[in-house]
Amino acid sequence: MQLDGLRKTLHQVNKIRYRPVLLQKIARGYFRTLVLRKPTLRIVEFSINHACQSKCGYCYAAKFRRPGECMLDVDEIRDIWMQSAKMGAFGSLILGGEPTLHPNFMDIVATLEPRKNIVTFATNCITLSEKMIVELKRIGVFVIYVSINSTDPATNDRVRGYEGHHEHVMRVLDACKRHGIDVMLPITTSKELLPETIKLLDFAEEHDMTASIGLLSPTGRQEGQKQELFDQSFWADLRKLYDRNPGLRGDWDTNLTLKVGCPAGFEKIHISPYGHVTGCAIQPMSFGNLRDEPLSDVLVRMREFKHFAKRPKHCIVALDEEFIEDYLDHAIGEASTPYPVEENAYYGADCGRAGDCTRSVARTH
Ligand code: SF4
């Protein structure tokens, strides 16, 4: 089981073996983590915009918009990436909204240095043209994440809130195949969606794609919706699904520690369109803004936070009821997310620094 993470991380080895700089960075990450026992950043998620053509019912980014504030520009993203790379990061995932709608999308991809790192992005495919695919390959991108929700076109388009979405996905899959770009299928699942998830896994295999699974969480457009929450028995069933599908991966099983667990704050961070740092794109609380302080300071705070420091063995936004009640539910009353974690009453007891968590009060349960 422990070697599963290594196997999944090196799944793309046929692509990265031609990239000596990237191989060196990956090797250094394992060395620092396993031999020196130093927490090492692995991946940074950048949400670069909130514009999107779809209206997905479960969108976690529904509250990212901050009217009147400026989103990060390309120079700021470059600076954040340089700080992250110094802390070990060799991977980045560009998210939105729909990132290809960003007017500087190609410049942002280029600034993350795709020839020396693993740079990918998640797209609904609607605006991703063949010309863009050719250019992405030229600058060093070798894998992209393509979102689809059902193998049935009508069901998929209804869930996405965009007629013709399925057709766009098929067009992009065909273009990627012709131009030698790998496609990863990210699947958001829940107890109810599990049968569809299994069909999507078959679809991925049929189209020569790898797949990754994320869990539906009560955040964004789903906030407060806990009827679909997971339990440990579902988690165990999911693990069996993983064991039967060696190409399948999840956020929690490509860790440099080689252990299954949530990477938030240690191996992975997410940057909001306005520079806030969260544990991942799904989590609605910010540990600081990189326009105000360096990443190294924010990471210290994140690594002291109780829910990250205990290195949970599962996805906390979908399975940890205490975390969900204390931190996800807090976002229900917020006009936009992420909200400053110091404003959460529970943070005072969870921040890991006795008496040094201003604006917080002691937890009540
Ligand atoms: S909570 Fe942890 S495991 Fe779940 S999506 Fe976020 S980073 Fe990944």
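Start by selecting E113, which sits in the loop between α5 and β3 (118-123). Helices here are DSSP runs of H or I with at least four residues, strands are DSSP runs of E with at least two, and both are numbered from the N terminus. What you have open is a predicted model: local features need pLDDT of at least 70, side-chain atom pairs count only at pLDDT 80 or more, and totals for chains, interfaces and linings use all residues. Residues are numbered from 1 along each chain as its sequence is written.

Stay on E113 and check its backbone: phi is positive, about 60°, although E113 is not a glycine. Most residues other than glycine have a negative phi, and most peptide bonds are trans. E113 counts as partly exposed because it has 19 C-beta neighbours inside 10 Å. The cut-offs are 20 or more other C-beta atoms within 10 Å for buried, 12 or fewer for exposed, and in between for partly exposed, with C-beta atoms placed from the backbone.

Now jump to L258, in the loop between β7 (249-250) and β8 (268-271). L258 is not a glycine either, yet its phi is positive at about 65°. With 18 C-beta neighbours inside 10 Å, L258 is partly exposed.

Next, two peptide bonds. Select G96 and G97: the bond joining them is cis, with omega about 15°. G97 is in the loop between β2 (91-95) and α5. Then go to T337 and P338, also joined by a cis peptide bond, with omega about 0°. You'll find P338 in the loop between α14 and β11 (339-340).

Back to α5 (residues 105-111), where I108 has its place. Is I108 buried or exposed? I108 is buried, because 23 other C-beta atoms lie within 10 Å. Leaving out residues up to four places away in sequence, I108 touches I48, V74, I77, I94 and H102; touching means that C-beta atoms, placed from the backbone, lie within 7 Å.

R78 belongs to helix α4 (residues 74-86). R78 is partly exposed, with 17 other C-beta atoms within 10 Å.

Now show α6 (residues 130-139) and α8 (residues 165-179), which pack at about 35° with axes 10 Å apart. Those axes are lines fitted to C-alpha atoms over the stretch in contact, and angles run from 0 to 180 degrees between N-to-C directions. Which residues meet? E130, I133, V134 and K137 in α6 meet A175, C176 and H179 in α8. By class, that contact has 4 nonpolar, 1 polar and 2 charged residues. Nonpolar covers Ala, Val, Leu, Ile, Met, Phe, Trp, Tyr, Cys and Pro; charged covers Asp, Glu, Lys and Arg; the others, Gly among them, are polar.

Move on to α14 (residues 321-328) and colour F323, D326, Y327 and L328, which are buried. They are on the same side of α14, because they cover an arc of only 160° around the axis, taken from the directions from the helix axis to the C-beta atoms. The buried residues of α14 pack against β10 (285-286), α12 (306-309) and α13 (316-319).

Last stop: the ligand. Of the 13 residues around it, D251, C262, A264, C280 and C315 come nearest. A residue is near if its C-beta atom, placed from the backbone, lies within 6 Å. The shell around the ligand divides into 9 nonpolar, 2 polar and 2 charged residues.

Technical notes: Two residues are in contact if their C-beta atoms, placed from the backbone, lie within 7 Å.
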